Amino acid sequence: FFFQAEDGIRDIGVTGVQTCALPILRPLLGLLAYAALADDVERAMPGAAAVELGHNFSLVHDDIQDGDAERRGRPTLWVRDGIAQAINTGDALFTLSRIAVHELSNLGYPDAKVIRIMKLYDVTCLRLCEGQFIDIAASTRAEMQSVEHYFEMIGRKTAALISGSVESGAILATDDEEIIGRFRRFGWALGLAFQINDDLDRKSTRLNSSHANISYAVFCLKKK
C-alpha cells in the first residue's frame, strides 16, 4: 500500500488491500496514522491486529443480537454453529485482541505507552457496547428517533473504533499530545461520515430492519 508523503511516494508495506473487504479500513487507518508520523510500520501491527480482532468480536455478537442470518453473503457464525459456540468464539476474539496489544511490549514500547493503548482499547470496547445498547433499545420503539440520538449511537458504534484505531497509531508514533489529539478528532469525524454514508446508501433496503427509523433521521438531516 502506498501513500503520498512530503518526501515522495512511501510504501508502508501493507499489501493485498485491493482484495480485502472494506471493514479492514479500521486497522489500516491506524497503520496509516503511524506511517504518517514514523517509519517501520511493522511496529504498529499489534495495535492494528487488536483493532481487527476487536471489530470481529463485536460483529459476531452483533449478528446474534440482531438475528442476522448472513453477513457479506455468507451464513453468520451463530447460524452455522449455534448461538453458544458463536458467543464463545466472540469472547475468544476479544481475548485475542487484548493479547495482541500486549505484544507491543515485546517491540520495546515503554510500559506507560502500552498501558495507555490498553486503556484506550478498553474504553473503545465499552463505547461499542454502549452503542449496541442504544441500537437495540431503539429497535423496540415505534417512534422516530431524533438526529441527536442517531449521532449518539453511531458515535459509539462506529466512530469510537475508527477514532481509537487512528489515535493508537499516533500514540505509538509520537509523544506530541497536540498531534495525537488532531488524529483522534480526525478519526472521530471520519467514523461519523463513514456511518452516515453507509446508512444513506442502504436506506432503501433497510426499511424493515431495526435501523429504519435511524436511517430516516439521517435522510432528513441530509435534506436540511
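Visitor: How many disulfides does a search of the whole structure find?

Guide: This is a predicted model, and its cysteine sulfur atoms can be checked pair by pair against a cut-off of 2.5 Å. The sulfur of Cys125 is 7.0 Å from the closest cysteine sulfur, in Cys129, and is therefore too far away for a bond. Cys129 is likewise in no disulfide. The number of disulfides found in the whole structure is zero.

Visitor: Is Cys125 buried or exposed?

Guide: A residue counts as buried when its relative accessible area is under 20%. Cys125 has a relative accessibility of 7%, so the residue counts as buried.

Visitor: How many helices and strands does the protein chain have, and in what pattern?

Guide: The secondary structure comes to eight helices and four strands. Read along the sequence, these elements follow the pattern β-β-α-α-β-β-α-α-α-α-α-α.

Visitor: Where in the protein chain is confidence lowest, and where is it highest?

Guide: The average pLDDT of the protein chain is 84, and 79% of the residues score at least 70. Strand 1, residues 2–5, has the lowest confidence, with a mean of 38. The highest confidence, at 96, belongs to helix 4.

Visitor: Which residues touch the most other members of the largest nonpolar core?

Guide: In soluble globular proteins, nonpolar side chains tend to be buried together. The largest nonpolar core here has 25 residues. Helix 1, helix 2, helix 4, helix 5, helix 6 and helix 7 each give two or more residues to this core. The members that touch the most others are Tyr34, Val101, Leu104, Tyr109, Ile117 and Leu172.

Visitor: Which residues does Ile117 touch, not counting residues up to four places away in sequence?

Guide: Ile117 is one of the core residues that touch the most other members. With residues up to four places away in sequence set aside, its contacts are Val101, Leu104, Ser168, Ile171 and Leu172.

Visitor: What share of the residues in the protein chain is buried?

Guide: The protein chain has 224 residues, and it exposes about 12,200 Å², of which carbon and sulfur atoms supply 57%. Buried residues make up 42% of the chain.

Visitor: Is Thr174 buried or exposed?

Guide: Thr174 lies in the loop between helix 6 and helix 7. Beyond four places in sequence, Thr174 touches Leu37, Lys113, Ile179 and Ile180. Its relative accessibility is 15%, so Thr174 counts as buried.

Visitor: How far from the backbone nitrogen of Asp176 is a polar atom of the side chain of Thr174?

Guide: A polar contact requires a pair of N or O atoms within 3.5 Å. The backbone nitrogen of Asp176 and a polar atom of the Thr174 side chain lie apart by 3.0 Å.

Visitor: With which side chain does Glu178 make a polar contact?

Guide: Glu178 lies in helix 7. Because its relative accessible area is 48%, Glu178 is partly exposed. At 2.6 Å, its side chain makes a polar contact with the side chain of Arg182.

Visitor: What is the phi of Asp40?

Guide: Asp40 is found in the loop between helix 1 and helix 2, and it is partly exposed, with a relative accessible area of 46%. Its phi is positive, in a residue other than glycine, and is near 55 degrees.

Methods: Residues are numbered from 1 along each chain as its sequence is written. This is a predicted model: local features need pLDDT of at least 70, side-chain atom pairs count only at pLDDT 80 or more; totals for chains, interfaces and linings use all residues. Side-chain values use heavy atoms; hydrogens and water are left out. Buried means under 20% relative accessible area, exposed over 50%, partly exposed in between (1.4 Å probe, protein chains only). A polar contact is a pair of N or O atoms within 3.5 Å; within protein, one must be able to donate a hydrogen and the other to accept it, and residues adjacent in sequence count only if both atoms are side-chain atoms. Contact means heavy atoms within 4.5 Å. Accessible areas come from the Shrake-Rupley method with a 1.4 Å probe; for residues, only the protein chains shown count as cover. A nonpolar core is a set of buried Ala, Val, Leu, Ile, Met, Phe, Trp, Tyr and Cys residues joined through side-chain atoms within 4.5 Å. pLDDT is the predictor's confidence in each residue, from 0 to 100.
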